[in-house]
Structures are given as C-alpha cells and as structure tokens.
Amino acid sequence: MKPAWLPSPQLPTPTQFKLRVHLARAAPFLFLFSAGYMMGYLSSISQFNFQPQFKPNCTITDPDTKPLTIQEHESQIVQPPHDLLQFNTRCAKPIPQSEILNTIRMNMFEGIEPYEGFPSSEVKSLIHKPAEHPRGWGSTGAVFRDLIETVRPSVIIELGSFLGASALHMAGVTQNLSLPSTLILAVDDFRGWPNFRLRFHRDVPENRHADALLLQQFMANVKAAGESHRIIPIPFSTGSALIALCEWGIYGDLIEVDAGHDFHSAWADINRAYAVLRPGGVLFGHDYFTVADNRGVRRAVTLFAKVKGLTIRPHGQHWVLSPKPLV
C-alpha cells in the first residue's frame, strides 16, 4: 500500500505519447547531425595557417647571432616593393648617333620620314593653327638650361610630350648653347587622358573617330617651329618605346620623365629610362613639389634613388638625380 502523500502517477495523453515516440526516433539523427557539424567545423579551423603573435618585448634568436628584438628583426627584412625591381637593365651596345634616326625610321615608321608630306589637307583642316608657345606646365623651367649646359647632350629623351612645349623649349636652349645637332626623342602615346579636353579644349583638336589628334597637333607645332629635323615623335607607350630603344641600343644623355603621375607608372618609367641612360648622363623629371607628388611621383623617385644609391636634387618643381656612374 503506497503512502497517502505520494501522488498517483498520471498517464500521458495520446498526443503526448505520440510526441515522445517521435522525439525518441529523431534523437539518433540529431546526434549524428551535431557530430558531423562539429567535425567539419574543427577540420576547417585546422586548415588555417596561424602565425605566432609576438609580444613587443619578445626577442627572435638565431643560432649564429645574438638575440634580436622584434624592432631589429623587422628592420632587417627586405620590405616591399622588392619584387618591383624586375626590370631589364642590360641593353644592346650603343649605336652611333648617325644611325639613330634611320633605326627609328625603319623600325617604327616602315622607312618613311614621319614629317614627309605633313600635314595632309584633311589633317590641316582638323588641327589648330600651330601655336608659337604650345600649352604645357613646367615646360620652361630653369632646370632645362642648367642641365643642358652641364651635360651638353647629343640625345635627349622626353617621356611625356603632349603638345611639344618642353621639347621645343629644349630645342631652343640647345640652339642657344651651340648644340644644334642635339636629337630630341619625344615619347608619348599622344592619346591624352579621360576628360583632358575639359582643361585644354582651346589647345587641342576635336576628337575624330576616337582619334585624339594630339600627335598631329604636336607635329604641326614642331614643324612650324622649324625643328622637325631633330624633334622626332615616338607615338607609343613609354614602356614599349623604352624597351625598343633598349633593344636597339639607343641611349640618351639627358632623359626627362614626365608621363604618368601615379606611383607604378612613374616607377616603371624611371627604371626603364635609367636602363637607356648613358653612363654620365642625368635623369630628371617633373612633379616633385606639386600636388601630383602625393599620387606617387615623389615616392617613386625616392625609392629609386635609395635602391641605386643616388642623390636627389630638387630643382623648382623638378627632381634631378645624380649622374649615372661611369662604371
């Protein structure tokens, strides 16, 4: 006989009984699902490559050296962009200056003189009347005369020519310094950049079938100034043109870099230009102390000078590197 204080057991209702049966049957499946999920989660974590976290006061030891602090260790690591140094620095043997024009003519213009028969009647109707002083920026700075007078170059290579302002100025300077035979190679794709007409709409022709017509305007300005015999347009990207000059053995005594103004463009131009700079020659460029420097020009110049062990001499808005070593 059960005690009076013990409650009588209550039997489950039919609904509760069915629910308990279903839960009992589902329990093994829930267990297997949970176990599989946990195993997959743990497996994914194990695939990560965790790096040890160093505390500021810890040291890194090497069997052959004394212990290094974290700061000393980091200072010895080659910092990026070390893989940006992969440029060809070996070019063909220099060809005589007397062969440069013919080499360019045969390889770039299929043997035809670029100014021959220029301008055609169609082109003449599209371009502006040649300007006595084409539009440019930093194109007449004292740096040009100072360097030309010091280096007395036989070949000048200009990266970024636009309408020819600086090329024509350098031609005038060489003429005044009794260097009338100095050859000026004007490298530019002559395509401009998106929306450049918003700023230079009065100086450049209208777009014609997706052709910016900057090359034609440049050539018109040069021919009108009587310098078509020694200011030669190289209408290709700076990268492809410099690679070609390197392969052909065409070097410059003085090279100006004033094309792309972002870090990577300036960095590539400086490295490739230095490869075709004659020993003893000088590399210089624009946009060192202007708003463009924070887009990468100054950073590219500074890094290159550090890598090559060169000195940077600011000159107005321009930068000038110490002469390329003779050896």
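This report describes the sheet, selected helices and aromatic contacts of a predicted model.

## The sheet

The model contains an open sheet of 7 strands with mixed pairing, arranged in the order β5-β4-β3-β6-β7-β9-β8. From one strand to the next, the twist averages 20 degrees. Strands β5 (231–234) and β8 (312–315) stand at the edges; each has a single partner strand, so one side of each is left without a neighbour in the sheet.

## Strand β9 and its partners

Strand β9 (residues 318–321) is joined to β8 by 4 bridges, and the two strands run antiparallel. Together β8 and β9 form a hairpin with 2 residues between them. In the turn of this hairpin, Gly 316 has a positive phi of about 65 degrees. Two residue pairs can be named between these strands: Pro 314 stands opposite Trp 319 in β9, and Arg 313 has Val 320 as its bridge partner in β9.

Strand β9 also pairs with strand β7 (residues 277–285), in the antiparallel sense and over 2 bridges. Here Phe 284 stands opposite Val 320.

Helix α6 (residues 165–176) lies across β3 (155–159), β4, β5 and β6 (252–257). Its direction is at about 160 degrees to β3.

Helix α9 (residues 238–248) has as its buried residues Thr 238, Gly 239, Ala 241, Leu 242, Ala 244, Leu 245 and Cys 246. The elements that cover these residues include β3, β4, β5 and α10. Just after α9, Gly 249 takes a positive phi of about 80 degrees.

## Aromatic pairs

A pair of aromatic rings is described by the distance of the centres and the angle of the planes. The structure holds 5 aromatic pairs. In one of them, the rings of Phe 190 and Phe 218 have centres 5.0 Å apart and planes at 50 degrees, so the pair is tilted. Phe 190 lies in the loop between β4 (183–187) and α7 (197–200), whereas Phe 218 belongs to helix α8 (residues 214–224); the pair therefore ties together parts that are 28 residues apart in sequence. Both Phe 190 and Phe 218 are buried.

Another pair is formed by Tyr 274 and Phe 304, whose ring centres are 5.1 Å apart; their planes are at 75 degrees, so this pair is edge-to-face. The pair links distant parts of the chain, with Tyr 274 in helix α10 (residues 263–275) and Phe 304 in helix α11 (residues 297–308), 30 residues apart. Buried means under 20% relative accessible area. Tyr 274, at 9%, is therefore buried, and Phe 304, at 1% relative accessibility, also counts as buried. Tyr 274 and Phe 304 form one aromatic cluster with Phe 263 and Trp 267.

## Charges over rings

Two tyrosine rings have a charged residue placed over them. Lys 324 lies over the face of Tyr 274, at 4.8 Å from the ring centre. The charged end of Arg 298 sits over the ring of Tyr 288, 5.3 Å from the centre of that ring.

Notes: Residues numbered from 1 in each chain as written. Predicted model: local features only at pLDDT ≥ 70, side-chain atom pairs only at ≥ 80, totals over all residues. Heavy atoms only, no water. Phe/Tyr/Trp six-rings, centres within 6.5 Å; stacked < 30°, edge-to-face > 60°. Buried < 20%, exposed > 50% of the residue type's maximum accessible area, 1.4 Å probe, protein only. Lys NZ or Arg CZ within 6 Å of the ring centre and 35° of its normal. Pairing = 2+ DSSP bridges. Axes fitted to C-alpha atoms, helices over the stretch in contact; angles between N-to-C directions. Contact = heavy atoms within 4.5 Å.
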